[in-house]
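Please read it alongside the sequence and the model.

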Amino acid sequence: MQELDVLVVEDSVEFTQVVVSVLRQSNHRVRTASTIAEAEQSMASVPPDLVILDLTLPDGDGLDLCRSIRETSNAYIIMLTGRDDEVDKVVGFRLGADDYVTKPFSPRELGARIEAMARRPREPKVDVPERDLDGLVIRPLAREVEIGGTPLELTRIEFDLLDQLTANPRQVLTRAQLLEAVWGENWYGDDHVVDVHIANLRKKLAGVTDRKIVRTVRGVGYGIVV
């Protein structure tokens with residue numbers, strides 16, 4: 001399994017010890033922070049590969065930190081919290097989180113989720129330098145997107161979804177196919193996360209073009225309008 005640099009942002013000593021133990025058993029490099037301020041300082045010093053983020057912190061809401069991380073980093077984000085409200089989960093996914101674990105949790109489950117995330121390719125498998133679909137330009141190796149010459153800033157997941165769809169322009173991909181390609185075959189969540197990130201992708205596309213790019217095939221999945 002890929003070795004990751006992990007930042008654990010958690011103010012509970014008890015839960016921090018459990019998470020750190022799980023990570024070190026898999027030989028990941030681990031740092032900890034108990035506040036948003038400490039986390040931001042740590043990330044500025046050494047950008048992490050994965051952030052395990054509690055949503056209730058002494059100096060603010062972890063959702064705000066999640067948003068801030070996603071604006072500048074492609075690090076994986078696992079939200080770790082005692083808040084089991086579906087609204088929190090949806091908001092977290094919309095802000096760019098990759099997974100959500102509710103306290104109390106099983107160390108084995110957390111380890112499995114981290115392992116699944118570590119197995120997800122961080123770079124696209126395609127080796128084409130550029131893909132142009134009528135002005136929608138995807139550069140997989142550079143992880144860049146342009147529409148009509150206008151650059152489009154996407155999160156890692158949004159880019160990977162668009163990359164998968166444009167790599168198969170005449171095929172409808174099911175949610176299961178997108179989950180396996182983008183989240184990895186060992187993903188433990190449900191397919192609702194695909195819909196959330198597709199919705200975010202569509203909003204960003206609509207901000208730079210009136211053209212409909214991502215289409216929904218009801219009962220099947222998603223495709224690209226060609």
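Two strands pair if DSSP finds at least two bridges between them. Helices (H or I, at least four residues) and strands (E, at least two) are DSSP runs, numbered from the N terminus. This is a predicted model: local features need pLDDT of at least 70, side-chain atom pairs count only at pLDDT 80 or more, and totals for chains, interfaces and linings use all residues. Residues are numbered from 1 along each chain as its sequence is written, and side-chain values use heavy atoms, with hydrogens and water left out.

**The sheet.** Four strands form an open sheet in the order β8-β9-β10-β11, with antiparallel pairing. β8 and β11 (150-151) stand at the edges with a single partner strand each, so one side of each has no neighbour in the sheet. β9 (residues 136-139) and β10 (residues 144-147) pair in the antiparallel sense over four bridges. I138 stands opposite V145 in β10. Helix α6 (residues 156-167) packs on the sheet and touches β8, β9 and β10 (contact means heavy atoms within 4.5 Å). The direction of α6 makes about 110 degrees with that of β9; axes are lines fitted to C-alpha atoms, for helices over the stretch in contact, and angles run from 0 to 180 degrees between N-to-C directions.

**R131.** This residue is found in strand β8 (residues 131-133). What do its side-chain polar contacts join? The table lists them. A polar contact is a pair of N or O atoms within 3.5 Å; within protein, one must be able to donate a hydrogen and the other to accept it, and residues adjacent in sequence count only if both atoms are side-chain atoms.

| Side chains | Polar contact |
|---|---|
| R131 and D163 | 2.9 Å |
| R131 and T166 | 2.8 Å |

**Burial.** Buried means under 20% relative accessible area, exposed over 50%, partly exposed in between (1.4 Å probe, protein chains only). R131 is buried at 11%. F105 is buried at 12%. I69, in helix α3 (residues 62-72), is buried at 2%. I69 touches M43, V51 and I77, leaving aside residues up to four places away in sequence.

**The aromatic pair.** The structure holds one aromatic pair. Rings of Phe, Tyr and Trp (its six-membered ring) pair if their centres lie within 6.5 Å; planes under 30 degrees apart count as stacked, over 60 as edge-to-face and the rest as tilted. The ring centres of F15 and F105 are 5.8 Å apart and the planes lie at 35 degrees, so the pair is tilted. F15 lies in helix α1 (residues 13-25) and F105 in the loop between β7 (99-102) and α5 (107-119), so the pair ties together parts 90 residues apart in sequence.
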